[in-house]
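Subject: A structure to look at

Dear colleague,

Please open the structure below beside this message, and read the notes after it with the model in view.

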Number of protein chains: 2
Amino acid sequence: MANNSDTWFHDSIKLLTYNRNQRVWSIIVTIFGDLAGTPGDRISGAALSRITEPMSIKPEAMRVALHRLRNDDWIDSHKEGRSSFYGLTRFGLEQSTAARPRIYAREVDLPSQWQLCALEPGGGPKGQRARDMRHRGFVAVLPGLFLGPVGAAALPDSLVFHGAAQEIPAWVQEKIATPEITQAYGDLERALDRFSVSLLDAPALSPHQVATLRSIIVHIWRRALLSHPDLPQAFFGEGWRGGACRIKVMDVLDRLGRPQAAQL
Amino acid sequence: MANNSDTWFHDSIKLLTYNRNQRVWSIIVTIFGDLAGTPGDRISGAALSRITEPMSIKPEAMRVALHRLRNDDWIDSHKEGRSSFYGLTRFGLEQSTAARPRIYAREVDLPSQWQLCALEPGGGPKGQRARDMRHRGFVAVLPGLFLGPVGAAALPDSLVFHGAAQEIPAWVQEKIATPEITQAYGDLERALDRFSVSLLDAPALSPHQVATLRSIIVHIWRRALLSHPDLPQAFFGEGWRGGACRIKVMDVLDRLGRPQAAQL
């Protein structure tokens with residue numbers, strides 16, 4: 001019985017961890033955002049290991065990542081006896097809280113107004129400014145032309161235009177829904193579909209096993225989301241699966257349930 | 001006395017015709033739009049010659065231009081005895097009527113909404129598409145990015161965005177208020193300022209003399225206007241004299257008065 005349960009769990013991990021090259025510190029950010037996002041929530045070092053070991057994250061990689069996140073003032077720790085306990089700092093909590101609506105919303109409430117910004121031609125290194133604009137929440141439509149939510153702050157000296165798109169031709173959709181993003185959602189949806197079926201026969205899972213599975217799913221979802229701003233479907237084109245993935249992510253998370261930090 | 005009057009008139013012509021390389025057919029379009037824009041208005045060939053000769057337009061150039069405008073269905077003519085009479089066709093009247101509000105408005109009533117359009121990259125020859133967009137009422141902000149009134153129709157397959165500019169940096173103003181346009185308005189304003197003073201001592205002028213002076217002024221004004229769409233001051237920058245020129249053009253036209261077509 002324990003064997004069956006372990007097999008199911010490891011098959012599920014295998015199914016969901018198709019996406020390699022995940023950064024360990026980024027996975028820890030996901031775990032704390034998902035499971036310890038309330039002030040005062042703490043996760044012990046032992047629990048963190050139990051959650052991350054099934055993802056093949058090595059203890060040494062874990063220590064390096066926790067060190068980095070402490071240096072970045074994202075996470076702090078304290079000792080109780082021989083155990084270490086970790087939690088989000090005030091800064092980490094703020095960042096997590098800011099990201100949460102976009103990650104966990106069941107429906108995206110899209111504004112009717114958007115921002116189209118043109119960078120000053122020759123105003124700086126192109127690649128660097130394009131990355132900078134992406135970090136500010138924009139997506140490139142043309143070299144030097146970016147689309148984003150009204151709240152995003154464009155680089156200085158940009159032409160900033162607020163309004164709504166009247167016509168979105170196919171070349172714009174292809175520019176926004178790049179092959180990489182389209183494939184990321186395609187891969188995620190396939191994994192979710194298989195996992196959703198597999199969940200029907202799920203054995204009883206420990207809180208740590210649930211935490212592992214949730215963290216993997218939320219992490220892939222979060223990485224896909226962060227690669228583009230929320231935009232109306234019309235900007236992405238008909239083949240866009242971002243909305244379908246949102247429904248499926250929320251469904252499996254609901255079915256897995258969310259362990260309390262205190263249970264871990 | 002007649003001598004003094006002639007001197008004043010010819011000095012004024014000299015003052016106002018600083019702008020060479022005007023196309024004769026285009027001047028005729030201005031004359032008919034200004035003086036014969038009501039259905040049924042006719043101007044005789046003799047009157048046209050009296051109006052255009054002081055601008056140093058030769059009879060042969062006049063004949064060629066009238067021929068072209070008849071071929072373009074802009075103007076038609078009929079004979080009464082040995083005299084030819086010219087008037088706008090239905091098409092010419094429509095074009096004139098459409099252009100009139102922009103040319104003669106005392107205040108430009110600017111909408112709050114504009115159109116920012118991005119052409120498909122690699123969608124066709126750049127120079128030709130840019131000219132095409134200008135003819136459609138747009139001004140280039142960047143290669144492939146155009147600003148225009150909401151009513152203008154962008155080329156097919158463009159990203160079309162309706163809204164309002166929130167920030168207009170200096171490089172956009174310099175792109176819209178090009179040195180050529182800025183100089184055109186600067187030259188016009190200087191000529192109008194001198195002519196305005198000179199008008200204080202104007203002798204009695206014949207309807208044909210008034211027609212000549214009006215036509216020259218309206219023509220320079222019309223050419224300057226047609227080189228850019230009407231946009232809020234903020235798009236042009238602080239040194240922009242388009243608004244000042246509008247006030248000064250309307251002032252001297254008011255003071256000159258408008259002869260009836262029947263008087264010519």
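Predicted model: local features only at pLDDT ≥ 70, side-chain atom pairs only at ≥ 80, totals over all residues.

Residues are numbered from 1 along each chain as its sequence is written, chains are lettered from A and ligands numbered from 1 in the order in which they are written, and side-chain values use heavy atoms, with hydrogens and water left out.

On a 1 Å grid over the protein atoms alone, a cavity is a set of points where a 1.4 Å probe fits but cannot get out, a pocket is an open set with protein on both sides within 12 Å along at least five of seven lines, and lining residues have an atom within 4 Å of a point. A volume is the space filled by probe spheres set on the points, which are joined across faces, edges and corners. Searching the whole structure gives 1 cavity of 30 Å³ or more, and the largest cavity holds about 30 Å³. Its lining consists of A:Ser49, A:Thr52, A:Glu53, A:Ile57, A:Lys58, A:Pro59 and A:Met62, which divide into 3 nonpolar, 2 polar and 2 charged residues.

The second largest pocket has a volume of about 1,600 Å³. It is lined by 49 residues, of which A:Arg102, A:Arg222, A:Leu225, A:Leu226 and A:Ser227 are the closest to its centre. By class, that lining has 22 nonpolar, 14 polar and 13 charged residues.

Now to the two chains. When copies are superposed by least squares on the C-alpha atoms of residues with pLDDT of at least 70 in both, a rotation of 179° with 0.0 Å of shift along its axis brings chain A onto chain B with an RMSD of 0.1 Å. The two copies are therefore related as by a two-fold rotation axis. In chain A, A:Gly163 comes closest to that rotation axis, at 1.9 Å for its C-alpha.

Contact (heavy atoms within 4.5 Å) takes 26 residues from chain A and 26 residues from chain B. Because 100% of the interface residues of chain A are also interface residues in chain B, the copies meet through the same surface.

With best wishes

Technical notes: Nonpolar A, V, L, I, M, F, W, Y, C, P; charged D, E, K, R; others polar.
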